[in-house]
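Please keep the sequence and the structure in view while reading.

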Amino acid sequence: MSTIKKRRISTADLCYIGVMSAISVVLSLTLKIPMAFLAPWLKLDLSFVPVMLTGFALGPVSGLIVLTITNVIHLFVSDSAMVGQLADFLLGLCFMLPASLIYRRQHTRRGALVGMIVGSACMIVGGILSNLYLLLPLYLGADYAQKLVNVGFSSVSNCVIAAVIPFNLIKGVVVSAVTFVLYKRLSRLLHRAQQKEGNRK
């Protein structure tokens with residue numbers, strides 16, 4: 001088990017956070033895959049990938065910064081009355097936080113994989129609870145149960161089982177796969193930048 005050394009955030013770290021935030025915003029606004037076969041309002045994007053990459057590279061606080069910046073900016077261009085951003089923030093936190101904490105304790109490929117599996121499971125559980133008690137009522141309004149019936153779901157629980165759980169499972173798998181492929185390559189670039197900055201001091 002590796003020990004975690006505390007250090008001040010460097011200019012290279014700040015640049016990494018800035019770049020990852022920008023990429024996350026672009027991905028959240030442009031690359032959206034409709035998942036209408038699950039539910040009309042569900043769309044898959046890869047904005048969690050930069051969040052995860054930052055959480056792995058710099059820790060959960062930095063990952064949280066990227067997640068927060070992404071959703072704050074998205075507020076100004078979204079028509080979901082903040083519900084979409086709330087959902088994205090809550091589920092992103094459920095996904096990134098356990099994954100990055102596990103990876104910090106077990107700084108290996110296996111640690112990253114285990115972290116993302118646990119993070120995906122937490123995101124699925126978070127999706128179930130938040131949609132049952134918060135997100136669906138907020139998004140669809142007071143008569144949300146009837147609106148769900150109108151689009152083919154017999155009940156709120158049926159919507160959660162048939163749409164929310166599969167959606168978050170698919171998202172967890174896709175984001176984890178892309179993150180797993182990219183992380184080591186990007187971490188080497190960040191490490192070089194940190195070393196160069198350290199040599200100049």
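## Overall make-up

The protein chain holds seven helices and two strands, and from the N terminus on its elements follow the order α-β-β-α-α-α-α-α-α. The model is a predicted one, in which local features need pLDDT of at least 70.

Of the 201 residues in the protein chain, 42% are buried.

How do helix 1 and helix 3 cross? Their axes come within 9 Å and cross at roughly 40 degrees, helix 3 being made of residues 60-75, and helix 1 is therefore oblique to helix 3. The contact is formed by Ile17, Met20, Ser21, Ser24, Val25, Ser28 and Leu29 on the side of helix 1, and by Ser62, Ile65, Val66, Ile69, Thr70, Ile73 and His74 on the side of helix 3. The crossing in which helix 1 passes helix 3 is right-handed.

Ser62 counts as buried because its relative accessible area is 8%, and buried means under 20%.

## Helix 3 against helix 4

Helix 3 also packs with helix 4, at an angle of about 165 degrees and with the two axes 9 Å apart, so that helix 3 is roughly antiparallel to helix 4. Here too the crossing is described as right-handed, with helix 3 passing helix 4.

On the helix 3 side, the residues that take part are Pro60, Gly63, Leu64, Leu67, Thr68, Asn71, His74 and Leu75. They meet residues of helix 4 that include Gln85, Asp88, Phe89, Gly92, Leu93 and Met96, as well as Leu97, Ser100, Leu101 and Arg104. His74 of helix 3 is listed both in this contact with helix 4 and in the contact with helix 1.

## Tyr103 in helix 4

Helix 4 comprises residues 83-105 and contains Tyr103. Is Tyr103 buried or exposed? Tyr103 is buried, because its relative accessible area is 1% and the cut-off for buried is under 20%.

Leaving aside neighbours within four places in sequence, the residues in contact with Tyr103 are Phe56, Thr108, Gly111, Ala112, Tyr183 and Lys184. Tyr103 and Met116, which stand 13 residues apart in sequence, have their C-alpha atoms 8.9 Å apart in space.

## The bend in helix 5

Helix 5 takes in residues 109-140, and whereas a straight helix of 32 residues would span 46 Å at 1.5 Å a residue, the end C-alpha atoms of helix 5 span only 41 Å. Where does helix 5 bend? The bend lies at Asn131 and amounts to about 65 degrees.

Just after helix 5 comes Gly141, a residue that takes a positive phi of about 95 degrees.

Terms used:
Residues numbered from 1 in each chain as written. Predicted model: local features only at pLDDT ≥ 70, side-chain atom pairs only at ≥ 80, totals over all residues. Heavy atoms only, no water. Helix = DSSP H or I, 4+ residues; strand = E, 2+ residues; numbered from the N terminus. Expected span 1.5 Å × (residues − 1). Bend = angle between axes of the 7 residues up to and from the residue. Axes fitted to C-alpha atoms, helices over the stretch in contact; angles between N-to-C directions. Parallel < 35°, antiparallel > 145°, perpendicular 65-115°, else oblique. Left-handed = near helix turned anticlockwise from the far one by under 90°. Contact = heavy atoms within 4.5 Å. Buried < 20%, exposed > 50% of the residue type's maximum accessible area, 1.4 Å probe, protein only.
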